[in-house]
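Colleague: I'd like a close look at just one spot before I get lost in the rest. Could you walk me through it and then show me what lies around it?

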Amino acid sequence: MMAPRCPLAVAVLTALVLCSCAITQDAAPAGPAMPTAWSEAVTQAGASPTGNWWGAFGSTALSTLVQAAALASPDTAIAREHVLQAEAQANIAGASLFPALSLSAGTGHRETRVSGSDWSGASSSNLGLSAIYELDLWGGNAAGRRAAQALEQAARFDADGVLLSLQAGVASGYLSLLSLRGRIATARENLAIGERVFKVVDARVRYGAAPPLDGARQQAAVLGLRSAIVALELQERQTLYALAILAGRPPEGFELAGNTVASLSVPEVAMGLPSELLLRRPDLAVAEAQLQAAGANVAAARAALLPGISLTASAGLASNALINVLSSPTATLALGASLLQPIFDGGRLRSQVAVASSRQRELVESYRKAVYAALADVEGALAASSRARSQEALQQQVLAQLQRALQLAEARYRGGADDQLTLLEAQRSLFAAQDQLAQLRLARLQAAVSLYKALGASLLQPIFDGGRLRSQ
């Protein structure tokens, strides 16, 4: 009697082993080859990026604003909720690895009557416990849990990215605000110069030493300076209101200390190796985690092609007494097992495998693209920083020469050696050079912000424990 069973058992085991060969492990993310050095010439004299990188600018007001914005911004609150949702999804996926238990209880009374007879009643109560467990023979449920955990990590890293973008946005906005305030102060100084020159021109016009046209031209120049101040003041207000939104505050009554960018330091950053971006950039961490989830989804989709085994068990008590199940109970116990093997589903399961595999290949390319984009971000920030430094140095020399030119032009106009157009041109050139110098200074500071953002400094200070899982 046992002989026929052995070949059948061997055949079943052989089939299971062959089926298990169809399941492959999750594919590890394959990153592109990283360069060994940066293309732009960089200095290594500065400090490495840290979690509070904004402190390198030397502004207490900026540090206070960035830290307050991280706590109050709606963007960070949204990111925290995304992490909580991903955690819950990971818990849901992990629940499939455990048996499901359910408890049932009921009681009732029924009255029946056969035609021509009296009513007869019967009471009953029952209490039952049942369990069902799906054996994870092929690791499909475990793969689903790994996919959910990887997406949870992606949500954490995305929260890091939100924090970094917020920090960079606040820092850049604050620097723009101070730059506009400095440009307004410079414009007011230029207005004072223009008004002083107008007095000289007006005196010459009154005494007949200069035509009235000179007075009209100088007055127009003064009015143009006043108009420019109004436009800069509008930009300053708009920038302040935009910062209020980033900081999670209403614009009404929102004010910030600080006048100009002249007192701020331009940080020098130690760049490190390009390969370090893979461990620092939140967006690269998100892409890597999504790729890991895609590999797990492929394994789960392949496991769905294979037979599944479910185990069931139930136990219960029943009684003919109403509500009291312990009165003369009848006990029941049942055990069961079931095997389900998909035979024909119109290609649905195999198509799901194809979709998951294609998604994995897509994310491999997305990861590679993200790495290249990260490298370009750093190179672009380095280029902007070095060029802005050179431009600022040259512009300072230009400004010194134009200041001297205005002094000479004003003196020659007083003496009648030059006409008023030469004086006006000297004024316009000086004012434009001063404004250009202020913008170049801002460009240097904002290039430093862009460099910190490109390097992914915020992973050292995650908003929602984003760096913990990655460091493990």
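Leaving aside its neighbours within four places in sequence, which residues is F57 in contact with?

Modeller: Quick ground rules before we start. This is a predicted model, so local features need pLDDT of at least 70 and side-chain atom pairs count only at pLDDT 80 or more, while totals for chains, interfaces and linings use all residues. Residues are numbered from 1 along each chain as its sequence is written, and side-chain values use heavy atoms, with hydrogens and water left out.

Now your residue. Once you set aside neighbours within four places in sequence, F57 is in contact (heavy atoms within 4.5 Å) with L62, L175, L264, S265, P267, L445, A448, V449 and Y452.

F57 and V378 touch the most other members of the largest nonpolar core, which has 48 residues. A core here is a set of buried Ala, Val, Leu, Ile, Met, Phe, Trp, Tyr and Cys residues joined through side-chain atoms within 4.5 Å; buried means under 20% relative accessible area, exposed over 50%, and partly exposed in between, using a 1.4 Å probe and protein chains only. Helices α2 (60-72), α4 (140-206), α5 (212-246), α7 (282-303), α8 (348-415) and α9 (420-455) each put at least two residues into this core. Helices (H or I, at least four residues) and strands (E, at least two) are DSSP runs, numbered from the N terminus. The largest share, nine residues, comes from α4. There is also a second, separate core of 22 residues, with L423, L430, A433 and L437 among them.

Staying with α2 for a moment: it packs against helix α3 (residues 74-94) at an angle of about 45°, the axes being 5 Å apart. Since angles under 35 degrees count as roughly parallel, over 145 as roughly antiparallel, 65 to 115 as roughly perpendicular and the rest as oblique, α2 is oblique to α3. The axes are lines fitted to C-alpha atoms, for helices over the stretch in contact, and angles run from 0 to 180 degrees between N-to-C directions. On the α2 side A69, A70, L71 and A72 meet P74, T76 and R80 of α3.

Next, the charged pairs. The whole structure has 18 salt bridges, each being a side-chain nitrogen of Lys or Arg within 4 Å of a carboxyl oxygen of Asp or Glu. One of them joins E233 and R188, 2.7 Å from N to O. E233 lies in α5 and R188 in α4, so this pair ties together parts that are 45 residues apart in sequence. Both ends are partly exposed, E233 at 30% relative accessible area and R188 at 46%. E195 and R226 make another bridge, with their closest N and O atoms 2.8 Å apart. That one links E195 in α4 to R226 in α5, 31 residues apart.

Finally, the strands. An open sheet of four runs in the order β1-β2-β3-β4, with antiparallel pairing; two strands pair if DSSP finds at least two bridges between them. The edge strands, β1 and β4 (330-340), each pair on one side only. On average, neighbouring strands in this sheet are turned by 20° against each other, direction ignored. β1 (residues 100-113) and β2 (residues 119-135) pair over 14 bridges, with H109 standing opposite S123. Their hairpin has five residues between the strands, and G116 takes a positive phi near 90° there. From β2, 11 bridges lead on to β3 (residues 308-319), where I309 stands opposite L135.
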